[in-house]
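User: Please walk me through this model, in brief questions and answers.

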Amino acid sequence: RMAIKKLKDMKVGESGVISALHGSGNVKHRLIDMGLVHGTKIHVMKFAPLGDPVEIKVKNFELALRINEAGMIDVEVQ
């Protein structure tokens with residue numbers, strides 16, 4: 001069984017598949033618009049020195065997310 005983690009709790013170099021998106025309204029719609037949907041593979045590239053934002057690779061592009069946004073995303077870690 002795969003472990004489910006919040007994106008904000010993942011370590012640099014970890015990869016996984018988005019299993020759920022929480023939250024509502026504009027922020028959730030923005031995440032969906034960026035391609036962060038159920039079943040999408042992501043890879044954690046790096047965290048900024050103070051931990052915010054986190055940089056991830058999704059499909060063929062890199063994305064920086066605020067920690068509060070990363071807390072809304074559940075990932076099945078592989």
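Analyst: A polar contact of 2.8 Å joins the side chains of Asp-74 and Lys-6. Such a contact is a pair of N or O atoms within 3.5 Å; within protein, one must be able to donate a hydrogen and the other to accept it, and residues adjacent in sequence count only if both atoms are side-chain atoms. This is a predicted model: local features need pLDDT of at least 70, side-chain atom pairs count only at pLDDT 80 or more, and totals for chains, interfaces and linings use all residues. Residues are numbered from 1 along each chain as its sequence is written, and side-chain values use heavy atoms, with hydrogens and water left out.

User: Is Asp-74 buried or exposed?

Analyst: Asp-74 is found in strand E6 (strands are DSSP runs of E, at least two residues, numbered from the N terminus). Buried means under 20% relative accessible area, exposed over 50%, partly exposed in between (1.4 Å probe, protein chains only). Asp-74 has 13% relative accessibility, so it counts as buried.

User: Which side chain joins Asp-74 in a polar contact of 2.7 Å?

Analyst: Asp-74 touches several residues, including Val-17, Ile-18 and His-22 (heavy atoms within 4.5 Å). The 2.7 Å polar contact runs to the side chain of His-22.

User: In E6, what is the bridge partner of Ile-18?

Analyst: Strands E2 (residues 15-21) and E6 (residues 73-77) pair in the antiparallel sense over 5 bridges. Pairing takes at least two DSSP bridges between two strands. The partner of Ile-18 in E6 is Val-75.

Methods:
Helices (H or I, at least four residues) and strands (E, at least two) are DSSP runs, numbered from the N terminus. Lists of a residue's contacts leave out its neighbours within four places in sequence.
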